[in-house]
Amino acid sequence: MTSITAGARFRRVLADNSPLQIVGTINAYHAMMAEQVGHSAIYVSGAGVANASYGLPDLGMTSMNDVLEDVRRISSAVETPLLVDIDTGWGGAFNIGRTIKEMQKAGAAAVHLEDQIAQKRCGHRPNKEIVSLSEMVDRVKAAVDAKTDADFFIIARTDAFQMEGLNAAVDRAQACLEAGADGIFAEAVHTLEDYAAFSKGIDGRHLLANITEFGATPLFNKEELAAHGATMVLYPLSAFRAANKAALNVYQTLLTDGDQKAVIDSMQTRMELYDFLNYHDFEQKLDALFAREKQQK
């Protein structure tokens with residue numbers, strides 16, 4: 001009997017949630033926490049890989065293999081379907097095709113592919129440059145053609161809203177859907193009304209809202225977004241930012257106080273860590289193995 005694919009799992013949770021919340025997980029352990037508290041979909045951010053795994057800004061400086069390393073680690077640790085940021089696909093049609101195949105092999109359930117130039121910027125920064133509509137359509141076609149799992153979910157991201165306005169962005173979204181994309185990621189949208197216009201412009205097809213902190217988009221509630229056409233809501237780096245702030249506080253406290261007493265209440269306990277890792281199940285198996293070895297002596 002064939003097991004359900006990662007892509008099929010993503011489509012199932014998308015159908016079961018209105019909207020589907022997708023939370024950023026910076027490593028395998030964060031993915032395990034997200035899964036165990038009940039999230040139905042998780043995310044690997046290109047910026048997150050650059051920032052956390054390589055200490056680099058989100059300026060197109062990481063490669064496909066850099067991202068794949070984190071994808072493999074996370075997909076090996078959890079069953080929750082994983083959406084992956086593949087930036088511009090790392091090259092032309094052949095490169096994009098290879099990226100799609102490798103992402104499927106690594107356990108990803110879905111990807112989003114954008115229309116910025118190769119020397120890309122964060123979607124919420126100024127002075128972005130986008131490729132022509134025809135080049136973006138070619139990128140989407142290359143991605144769709146490379147699918148080995150029919151259920152693998154491809155989202156076309158457009159940064160055209162900030163660059164060329166709503167109508168141009170909707171035109172791009174329509175063209176990407178016609179080219180075979182399964183959904184649209186409308187980046188740096190400003191108002192709920194704009195989301196509603198996007199949704200109407202793509203005939204109610206799947207629409208992702210990127211609700212990232214400190215960016216161009218307000219922190220709309222998931223219910224507001226659903227009411228205005230969003231079927232997916234992405235929180236790409238929320239947990240990462242919180243963890244960074246907590247870590248910085250610990251580092252500063254250790255330096256100034258000489259101990260961690262003032263910040264101990266903000267830390268996850270050893271037992272909480274062990275619970276998420278199922279540590280005691282492993283330990284009990286180890287104890288049983290040692291007990292058998294003693295009996296055999």
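Trainee: Why is Phe 290 called partly exposed?

Mentor: Its relative accessibility is 41%. Buried means under 20% relative accessible area, exposed means over 50%, and partly exposed is in between (1.4 Å probe, protein chains only). The value falls in between, so Phe 290 counts as partly exposed. This is a predicted model, where local features need pLDDT of at least 70, side-chain atom pairs count only at pLDDT 80 or more, and totals for chains, interfaces and linings use all residues. Residues are numbered from 1 along each chain as its sequence is written, and side-chain values use heavy atoms, with hydrogens and water left out.

Trainee: Where does Phe 290 lie?

Mentor: In helix α13, residues 279-296. Helices are DSSP runs of H or I with at least four residues, strands are E runs of at least two, and both are numbered from the N terminus.

Trainee: What makes the nonpolar surface patch with Phe 290?

Mentor: Leu 286, Leu 289 and Phe 290 make it, with an area of about 250 Å². Patch residues have over 30% relative accessible area and no salt bridge; like charges are joined within 9 Å, nonpolar side chains (Val, Leu, Ile, Met, Phe, Trp, Tyr) within 5 Å. Areas come from the Shrake-Rupley method with a 1.4 Å probe; for residues, only the protein chains shown count as cover. Phe 290, at 41%, passes the accessibility cut-off.

Trainee: Why is Leu 166 called partly exposed?

Mentor: Its relative accessible area is 23%. That is not under the buried limit and not over the exposed one, so Leu 166 is partly exposed. Leu 166 sits in helix α8, residues 166-178.

Trainee: Which residues is Leu 166 in contact with, leaving aside its neighbours within four places in sequence?

Mentor: Phe 161, Asp 194, Ala 197 and Phe 198. Contact means heavy atoms within 4.5 Å. Ala 186 is 20 residues from Leu 166 in sequence and 9.8 Å away in space, C-alpha to C-alpha.

Trainee: What makes Glu 114 and Arg 157 a salt bridge?

Mentor: Their side chains meet at 3.5 Å, N to O. The rule asks for a side-chain nitrogen of Lys or Arg within 4 Å of a carboxyl oxygen of Asp or Glu, so the pair qualifies. Glu 114 lies in strand β4 (110-114) and Arg 157 in strand β5 (153-158), so the bridge ties together parts 43 residues apart in sequence. Both residues are buried.

Trainee: What does the rule make of Arg 172 and Asp 115?

Mentor: Another salt bridge, at 3.1 Å, N to O. Arg 172 is in helix α8 and Asp 115 in the loop between β4 and α6 (133-145), so parts 57 residues apart in sequence are tied together.

Trainee: Why are these two called buried?

Mentor: Arg 172 has 5% relative accessibility, and Asp 115 has 1%. Each value is under the buried cut-off, so both count as buried.

Trainee: Are Arg 241 and Glu 213 buried or partly exposed?

Mentor: Arg 241 is partly exposed at 29%, whereas Glu 213 is buried at 17%. Their side chains form a salt bridge at 2.6 Å, N to O. The pair links distant parts: Arg 241 in helix α11, Glu 213 in the loop between β7 (206-210) and α10 (222-227), 28 residues apart.

Trainee: How many salt bridges does the rule give?

Mentor: The count is 13. Arg 11, Lys 147, Asp 151 and Asp 182 are linked in a network of them.

Trainee: Which volumes belong to the largest cavity and the second largest pocket?

Mentor: The cavity has about 70 Å³, the pocket about 330 Å³. On a 1 Å grid over the protein atoms alone, a cavity is a set of points where a 1.4 Å probe fits but cannot get out; a pocket is an open set with protein on both sides within 12 Å along at least five of seven lines; lining residues have an atom within 4 Å of a point. Grid points are joined across faces, edges and corners, and a volume is the space filled by probe spheres set on the points. The cavity is lined by 15 residues, with Gly 24, Thr 25, Ile 26, Tyr 43 and Ser 45 nearest its centre.

Trainee: Why is Asp 87 called buried?

Mentor: Its relative accessibility is 4%, under the buried limit, so the term applies. Asp 87 also has a positive phi of about 50 degrees, although it is not a glycine.
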